[in-house]
Amino acid sequence: MAVSGLRRGEAAGLRWCDVDFAGTTLTVSRQLQETSRGLVLLPPKSIAGNRVLAPDPWTLQVLAAHRGRQQLPAGYVFARPGGRPYPPGYLTRRFAMLVRREGLPPIRLHDLRHRAATLALAGGSDLKAIQAMLGHASITLTADTYTSVLPDLARATAEAVAAQILKAARTPPASPWPHAPAT
């Protein structure tokens, strides 16, 4: 979730058939939600939520190792020993317990989604690619809600703008008539 930006319901609903190790893709096509009737499989939050992600090699290795430890070769990625999926709330509680146990600063499970977007931006990904990764219907939501400008990124942006202005100032203007005969 920290790398892919999956929502907790999407992670809870992820099945091994959604992970293509050979093709190195991960398909998000459902989410698991807790209701008064129990666990329900639903489509993603929006049409844009149906997406195919391209996980990095490290994430695929972690998933392959996790699959190897599971007793059941098929079914849910996050499953109880009997094969039933863990509810999204369990993932949240388990994450909070692990954070406390390791003595880490407080962070919510959903914050991993924000961090994935912010780190993708800091790593040079364009906002449209981040929007697709998160499954947002609107790039405005991605820009306003899920990314924060890191100081180093803001500095790099300012330096890039300044470099372009200085380059333009040192370059003589092009002829207004690019196809005029030489004299």
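How many residues lie between β3 and β4 in the hairpin they form? There are 2. Strand β3 covers residues 31-35 and β4 covers residues 38-42; the two run antiparallel and are joined by 5 bridges. Glu34 has Leu39 of β4 as its bridge partner. Two strands count as paired if DSSP finds at least two bridges between them.

Before going on, the ground rules. This is a predicted model, in which local features need pLDDT of at least 70, side-chain atom pairs count only at pLDDT 80 or more, and totals for chains, interfaces and linings use all residues. Residues are numbered from 1 along each chain as its sequence is written, and side-chain values use heavy atoms, with hydrogens and water left out.

On confidence: pLDDT is the predictor's confidence in each residue, from 0 to 100. The protein chain has a mean of 88, and 90% of its residues reach 70 or more.

Strand β2 (residues 25-28) is joined to β5 by 3 bridges, and Leu26 stands opposite Leu53 in β5.

Now the largest pocket. A pocket here is an open set of points on a 1 Å grid over the protein atoms alone, where a 1.4 Å probe fits, with protein on both sides within 12 Å along at least five of seven lines; lining residues have an atom within 4 Å of a point. The largest one holds about 1,200 Å³, taken as the space filled by probe spheres set on the points. Its lining has 39 residues, with Met1, Val62, Leu63, Val77 and Phe78 nearest the centre. β5, α2 (57-69) and α3 (88-101) each give two or more residues to that lining, and α2 gives the most, 6.

Last, Pro81, in the loop between α2 and α3. Its relative accessible area is 72%, which counts as exposed (over 50%, with a 1.4 Å probe and protein chains only). The C-alpha atoms of Pro81 and Gln71 are 7.0 Å apart.

Technical notes:
Helices (H or I, at least four residues) and strands (E, at least two) are DSSP runs, numbered from the N terminus. Buried means under 20% relative accessible area, exposed over 50%, partly exposed in between (1.4 Å probe, protein chains only).
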